[in-house]
Each structure stands twice: as C-alpha cells, then as structure tokens.
Amino acid sequence: MVDSKGNPVPYFTAVSSNFKSVKIGDADGRIFFSESEKLLEKEWALRHLAFEEKVIYLDSIENIEITVSLAEKLLELNQVDIQALSDNEIALRVKSELSGIAANLTFSNSFLIEQSEEYYFESYGLFIQSGLMDRTTKKHRFDSGRLTFLPQYSKISEKTVSRKSPYQSTVPTLTVFLNDFIFQILSSKLGSWKRLEKDCGRFECIQIDGLNAEVSVFPNGKLNSISLPPRVFKDQYGIVHEITGSLDFTSSQENSFYTKFSFDVHKDEKEVKVLLFFEGIPSLLNFPENYQNRSNQDSFFNALNSFSKTPDYHFDQEIFSRLRSTYFPKTDQLGERDNFVTRKNSYQYHEVMEKSDYSSVQYMKENSDFVKELLEIFKSYGLGW
C-alpha cells in the first residue's frame, strides 16, 4: 500500500465486507491474504485515517504481489488549542494500554526465530498470554509466568545434526523475563517517568528511572515501543542471564497489541537472538469452567512453558514453505544458512531426550500429548496455522 508519492502506508486496516475479519498492514505497508481468505472474503475495504477508503476484490487479483495507491483525505477541522500530554498523563496511558494487553486470555498467530552460532530455529506457532504474575511473592517465585509460545510447524538448521541433541528453546526464559519486566512497569511510580530531552522524531520518549526502560509513544500517548539496555535476570531455576532488546506495538481504533519482540539473551558467554513476530489482531477467548480458578490456570501455563522449552519438532517442508511464502516478515536476519544442515526428521521431545529416568520421559510424553490435543482444539476454532 502506497500514497500518491509512492511512499509505503504503514499499519492500515483491511476490513472484509461482512465485517467479520480485520487485518493490519505491517510497517512497510504490506499485507498478505491466504487462499482461504480469498475464497471466503472476496471484497475488502482498505482504510487509513489520512486516506480515502478503497475497496479491492481478491477474486480479480492474481497470486502475485500488487501495489495499491490510496488518495490523501482532506479534513476540515475547527481551530483548537493543542496541549502536550504531561509525563504523568503519558505514564497513566501507557500503563492502561499494557494492562489492557495483559488483561485477557489471548491467542496470536506468531512466527519465531532463534539464532545462535550453533543453530537457527524458525517456527510458526501460537503466542498465548493471560495476565501477569507477581513472581516476587513466595507463592509464585518459581513459576513460569503467564506468557508462552507454542511451536506448531518448525525448522531447525544446525552446524551438527545429532538425534541425541534435541532442541531447547530460549523463549521460556524470555517470557518469564517479560512477565516480570512488564509487571515492574505497571508497578512503577508515576514520579519515576521522565521525558527525555532528545530528538525522538515524531515520538515522545520517556525514561522510567529504576528500570532504565525507554518508552516511545505517539503524541496522543499511544504505545510505539519499549526498549531497555542490558539487564541481568535470574530465571526461576536460578540461572543468570543478561537480556537486552525491545517490544514493538501497534494499535487498532480501540486497543494496542504486540507486533514484535526483539531480544538478545546471553548465558555463559553464549548469545541467542530471539525475534518473535505477531500476525494480525489477537483472538480473545475465555478459560473453560474447570480452569476458572487461578491455581489451575497457573498449572496450565506451567505445562505450556515446559513444552515451549522442550518442544516437539514437526517439520513438514510443504507446509513450512507455503507458510513462509505467505507469512514471512521482512528482516535482514532471515535467510538460508549455507553452512548449516536442516534437520529433516520430525520427533516428539520425549523420544530423543537423553534422560533415561522413566518418570521424566513419561511426564514429557504426557505433556506433549496434552499440547498436541490443545493445538487441534485451537485449529478447530480457526486459531494457529
């Protein structure tokens, strides 16, 4: 999507004719439609506040990339006095948006990349969250938080392929860190939010003292990004990491939601780059009745995080290539690894884990079966890939 000068129009919306589906364009003004969307929803309205609405018909578009130009909209506005938001007002708005993101049980189609010197892992899966956990309390100190990524279709490229070295993900460490970090932002005092005296372009930049977090917002207080310098983090197992990175956001008319996590995780002088991209608007669901109490919900997320750390490997070249050709974020960190070898054989983690302890193997098998059943349920509701 471009304007009359050929410049990309980022974060526009595409709304189906029956208003049942909404898609968000990415930062480069691109949007993708699956074959099923082309069949079910042929008419889509492309909208952006600064441009005239334009309707496109997918059945008249070949399976190639096309460029659509939007005409600028001229708005006649009454003269008003504009006052910048105060630091406290920005802090309250950001806290409100973060609370809104975390408040409900949501599911997001996501694409994960984990990259180190030894491996390159790509996975299409589901990012699931439901609130935040105060892990500073004795009761929750060793819990895994309430955010997780469930791999669905994956690809592992390694320097050395060995059946005795099943893949272990860094994502659970990062999601526990994010649970704590976002919880600390929400718990911060308003007086610690200070506007930075530097040029942030069209954004306002706020520093949160004590967290060293830098929050970038639009002039109306809507979230753009949160970044932080290297920070020492001890996970629930007592292992120390150094983590640095950023969270990117976008907004619909009513709500904000994640678009990307980008982090470097260091442990024992080894570095893992973690990129997690979110596709579209999160789906909102309610916990079933038998999961309404907090204890059962915590057990649910602990099981998901266990699978997330030691996931089954489901590699299907045809499915993965199809997803990759349609849902493939634009980043210079993606690409084939010429000196790496792709692991072709799919496996369930308990089948290749090195531990011979029967109880550990049995737990991993039961957890794997539980998550596989969940993924099938999610797919029946149109969630997942």
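A salt bridge here is a side-chain nitrogen of Lys or Arg within 4 Å of a carboxyl oxygen of Asp or Glu. By that rule, a search of the whole structure finds 16 salt bridges. The structure is a predicted model, in which local features need pLDDT of at least 70 and side-chain atom pairs count only at pLDDT 80 or more, while totals for chains, interfaces and linings use all residues. Residues are numbered from 1 along each chain as its sequence is written, and side-chain values use heavy atoms, with hydrogens and water left out.

## Salt bridges

Side chains of opposite charge can pair when their charged atoms come close. The accessibility classes in the table are buried (under 20% relative accessible area), exposed (over 50%) and partly exposed (in between), computed with a 1.4 Å probe on protein chains only.

| Pair | N to O distance | Relative accessibility |
|---|---|---|
| Glu53 and Arg47 | 2.9 Å | Glu53 47%, partly exposed; Arg47 32%, partly exposed |
| Arg195 and Glu204 | 2.9 Å | Arg195 25%, partly exposed; Glu204 25%, partly exposed |
| Lys260 and Asp248 | 4.0 Å | Lys260 25%, partly exposed; Asp248 22%, partly exposed |

The pair of Lys260 and Asp248, with its closest N and O atoms 4.0 Å apart, links distant parts of the chain: Lys260 lies in strand β13 (residues 256–267) and Asp248 in strand β12 (residues 240–251), 12 residues apart. Strands (E, at least two residues) and helices (H or I, at least four) are DSSP runs, numbered from the N terminus. Arg195 and Glu204 also belong to a network of salt bridges that includes Asp87.

## The sheet of β1 to β4

Two strands count as paired if DSSP finds at least two bridges between them. An open sheet of 4 strands has the order β2-β1-β3-β4, and its pairing is antiparallel. At its edges are β2 (22–24) and β4 (51–57), each of which pairs on one side only. Neighbouring strands of this sheet are turned by 20° against each other on average, direction ignored. For such angles, axes are lines fitted to C-alpha atoms, for helices over the stretch in contact, and the angles run from 0 to 180 degrees between N-to-C directions.

Strand β1 (residues 13–16) is joined to β2 by 3 bridges, and the two run antiparallel. Within this pair, Ala14 stands opposite Lys23 in β2. Glu53, from the table, forms its salt bridge with Arg47.

Strand β9 (residues 204–208) is largely enclosed by the rest of the structure, because 4 of its 5 residues are buried. Strand β8 (residues 193–195) runs antiparallel to β9, with 3 bridges between them, and Arg195 stands opposite Ile206 in β9. Arg195 is also the residue whose side chain meets Glu204 in a salt bridge.

Strand β10 (residues 213–217) likewise runs antiparallel to β9, joined by 5 bridges. Here Ile208 stands opposite Ala213 in β10. The hairpin of β9 and β10 has 4 residues between the strands, and Gly210 in this hairpin takes a positive phi near 95°.

## The loop between β13 and β14

Asp268 is placed in the loop between β13 and β14 (270–285). Its phi is positive, about 55°, although Asp268 is not a glycine. At 63% relative accessibility, Asp268 counts as exposed. Glu269 is found in the loop between β13 and β14 as well, and has a positive phi near 65°, again in a residue other than glycine. Glu269 is exposed, with a relative accessible area of 85%.

## The second largest pocket

On a 1 Å grid over the protein atoms alone, a pocket is an open set of points where a 1.4 Å probe fits, with protein on both sides within 12 Å along at least five of seven lines; lining residues have an atom within 4 Å of a point. The second largest pocket has a volume of about 970 Å³, taken as the space filled by probe spheres set on the points, which are joined across faces, edges and corners.

Of the 32 residues that line this pocket, the closest to its centre are Tyr119, Gln168, Thr170, Lys267 and Val272. The elements that give two or more residues to the lining are β7 (147–158), α3 (171–187), β13 and β14. β14 gives the most, with 4 residues.

By class, the lining has 10 nonpolar, 11 polar and 11 charged residues. Ala, Val, Leu, Ile, Met, Phe, Trp, Tyr, Cys and Pro count as nonpolar, Asp, Glu, Lys and Arg as charged, and the others, Gly among them, as polar.
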